[in-house]
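Work through the exercises below with the sequence and the structure at hand. Each task is followed by a solution in steps.

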Amino acid sequence: KIPTSIFSKADDGARYIADAIEKEIRRKQDMGEKCVLGLGTGNSLTPVFNELIRRHRERKLSFHNVIIFNAYEYFPLTDSYNHSSINQLRDRLINHIDISSDAIVSPDGFIAQEKVQESCKTYERNIAEQGGIDIMLLGIGRMGNIATNEPGSAITSASRLILIDNVSRQEMALSFGEQENVPPCAITMGVSTILKARKIFLVA
């Protein structure tokens, strides 16, 4: 029941998705409105990010009206972690486009655990106050996880703290150097929050 497009090359799929994102950004610009994107940071999204950066540089695609919600963050984080989800998103996209720093919203992986629940509620309120997510862009893990919602996550789940399973930790070790460096948990956008987006791209 999920519409599926298959491309012979990753770059073809990246252009297809970038077309939709560019169209929505420009449509919202013409209306004087914000375009709200929910973004993951998986490696499969890199070709899409690269295509958006190219369009920004060559086709003058501006992101001045874009708000980005980072879909998840590792927890707990310390100052020694250079590979946080938001830092990966900055390296792969944010630092290369004209988006304001106050237009980036991310779960906070540095807060105390007793404050996580309230922080998740604030994150959800921020999404609602922006009118919801226009386009959600996520990769999919080998276990079928989206953001860091593991298989079995309730379809009604909101943003929350979740334990990262072993297979997902193995995948994340590509960013952290070795599996021992991967934090045990993540604060993730919930399944119900993702499904409320007006358009969703899931990339494999």
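**Exercise 1.** Find where Ala147 lies and decide whether Ala147 is buried or exposed.

Solution. In this predicted model, Ala147 sits in the loop that runs between S5 and strand S6 (160–163). Its phi is positive, about 55 degrees, although Ala147 is not a glycine. The cut-off for buried is under 20% relative accessible area. Ala147 has 10% relative accessibility, so Ala147 counts as buried.

**Exercise 2.** Do the task again for Lys60: in which loop is Lys60 found, and is Lys60 buried or exposed?

Solution. Lys60 belongs to the loop between helix H2 (46–58) and S2. Phi of Lys60 is also positive, near 60 degrees, and the residue is not glycine. Exposed requires over 50% relative accessible area. With a value of 64%, Lys60 is exposed.

**Exercise 3.** State the strand order of the open sheet and name its edge strands.

Solution. The order of the 5 strands is S4-S2-S1-S5-S8, with parallel pairing. Strand S4 (104–105) and strand S8 (199–203) each pair on one side only, which makes them the edge strands. S8 pairs with strand S5 (residues 135–139) over 5 bridges. In this pair, Met136 stands opposite Ile200 of S8.

**Exercise 4.** List the buried residues of helix H3 (residues 85–92) and say how they are placed around the helix axis.

Solution. The buried residues are Ser85, Ile86, Gln88, Leu89 and Arg92. Viewed down the axis of H3, they fall within an arc of 160 degrees, so they line one face of the helix.

How values were computed
Residues are numbered from 1 along each chain as its sequence is written. This is a predicted model: local features need pLDDT of at least 70, side-chain atom pairs count only at pLDDT 80 or more; totals for chains, interfaces and linings use all residues. Side-chain values use heavy atoms; hydrogens and water are left out. Two strands pair if DSSP finds at least two bridges between them. Helices (H or I, at least four residues) and strands (E, at least two) are DSSP runs, numbered from the N terminus. Buried means under 20% relative accessible area, exposed over 50%, partly exposed in between (1.4 Å probe, protein chains only). The arc is that of the directions from the helix axis to the C-beta atoms.
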